[in-house]
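Thanks for coming. I will go through one chain, from the overall layout to a few side-chain pairs, and then stop.

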Amino acid sequence: MEQSGFSPQVVEERDENVLPEIVGRDAFAALVIRTDYDDESAWRAVVAEVSQPWGLNGEYEARVHLVDDPVWAGAAPDAVLGVVERDEELSVVFVADKVTMRSAHRALLALDTFVEDEDLDPMYYQELIDSPPAREFRTTPAAVHDVHVNLAIANLDFQDFTEAALADPEGVLRPMG
């Protein structure tokens with residue numbers, strides 16, 4: 001499937017127990033990793049929606065890097081984060097998991113890739129130690145680009161999106177515009 005601004009993941013030979021490194025991702029492309037392979041039509045619906053132009057009047061081209069390889073089947077969020085944390089330009093990764101494929105709105109799991117310093121001094125950071133910020137929320141495919149771009153340019157932070165998702169009756173972030 002060849003589309004403008006769309007880059008599928010090419011995976012080389014690998015060890016069956018190790019998730020492959022993500023290669024060839026354009027820094028401006030949102031990263032979507034498929035981890036559920038039970039419903040091909042649901043996946044096609046996610047891909048179609050996340051590939052649509054976005055913005056107030058659809059003025060921006062969708063730039064997406066899809067990872068669609070069964071080696072990722074059933075990968076847990078921590079395993080996904082373990083692979084993508086090496087990408088210093090990546091602020092968020094979107095996962096198409098079982099919940100995504102079974103929900104009517106195809107809400108992807110958005111995972112915060114920021115790794116907090118584990119050696120925080122309790123004298124200054126006790127509140128953060130006691131109540132760490134949320135590291136995930138659900139978002140419709142149509143809102144993926146708002147999240148990706150705003151985090152990439154540090155216009156908003158992950159917690160802004162988490163709060164917006166929690167404010168939704170279904171706990172799902174919807175497009176901002």
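Start with burial: of the 177 residues in the chain, 41% are buried. Keep in mind that this is a predicted model. The chain exposes about 10100 Å², and carbon and sulfur atoms account for 50% of that area.

Now the layout. The chain has 6 helices and 7 strands. In sequence order the pattern reads β-β-α-β-α-β-α-β-α-β-α-α-β. Among contacts with a separation of 6 or more, 72% are between residues 24 or more positions apart.

Which residues of helix H2 are buried? In H2, which spans residues 77-84, they are Val80, Leu81, Val83 and Val84. Viewed down the axis of H2, these buried residues fall within an arc of 160 degrees, so they line one face of the helix.

On to charged pairs. Side chains of opposite charge can pair when their charged atoms come close. Over the whole structure, the search finds 9 salt bridges. I will show three of them.

One is between the side chains of Asp26 and Arg63, at 2.1 Å from N to O. This pair links distant parts of the chain, 37 residues apart: Asp26 is in the loop between strand S1 (6-8) and S2, and Arg63 is in the loop between helix H1 (40-50) and strand S3 (64-67). Asp26 counts as partly exposed because its relative accessibility is 26%. Arg63, with a relative accessible area of 31%, is also partly exposed.

Another salt bridge joins Arg34 and Asp68, with the closest N and O atoms 3.2 Å apart. Here too the pair links distant parts of the chain, with Arg34 in strand S2 and Asp68 in the loop between S3 and H2, 34 residues apart. Is Arg34 buried or exposed? Its relative accessibility is 1%, so Arg34 counts as buried. Asp68 is at 38%, so Asp68 counts as partly exposed.

The last one I will show is Glu170 with Arg174, whose side chains meet in a salt bridge at 2.7 Å, N to O. Glu170 counts as exposed, at 52% relative accessibility, while Arg174 is partly exposed, at 29%.

Finally, Arg138. This residue is found in strand S6, residues 136-139. With a relative accessible area of 17%, Arg138 is buried, because the cut-off for buried is under 20%.

Key. Residues numbered from 1 in each chain as written. Predicted model: local features only at pLDDT ≥ 70, side-chain atom pairs only at ≥ 80, totals over all residues. Heavy atoms only, no water. Buried < 20%, exposed > 50% of the residue type's maximum accessible area, 1.4 Å probe, protein only. Helix = DSSP H or I, 4+ residues; strand = E, 2+ residues; numbered from the N terminus. Arc of directions from axis to C-beta. Contact = heavy atoms within 4.5 Å. Areas by Shrake-Rupley, 256 points an atom, 1.4 Å probe, with all protein chains shown as cover. Salt bridge = Lys/Arg side-chain N within 4 Å of Asp/Glu carboxyl O.
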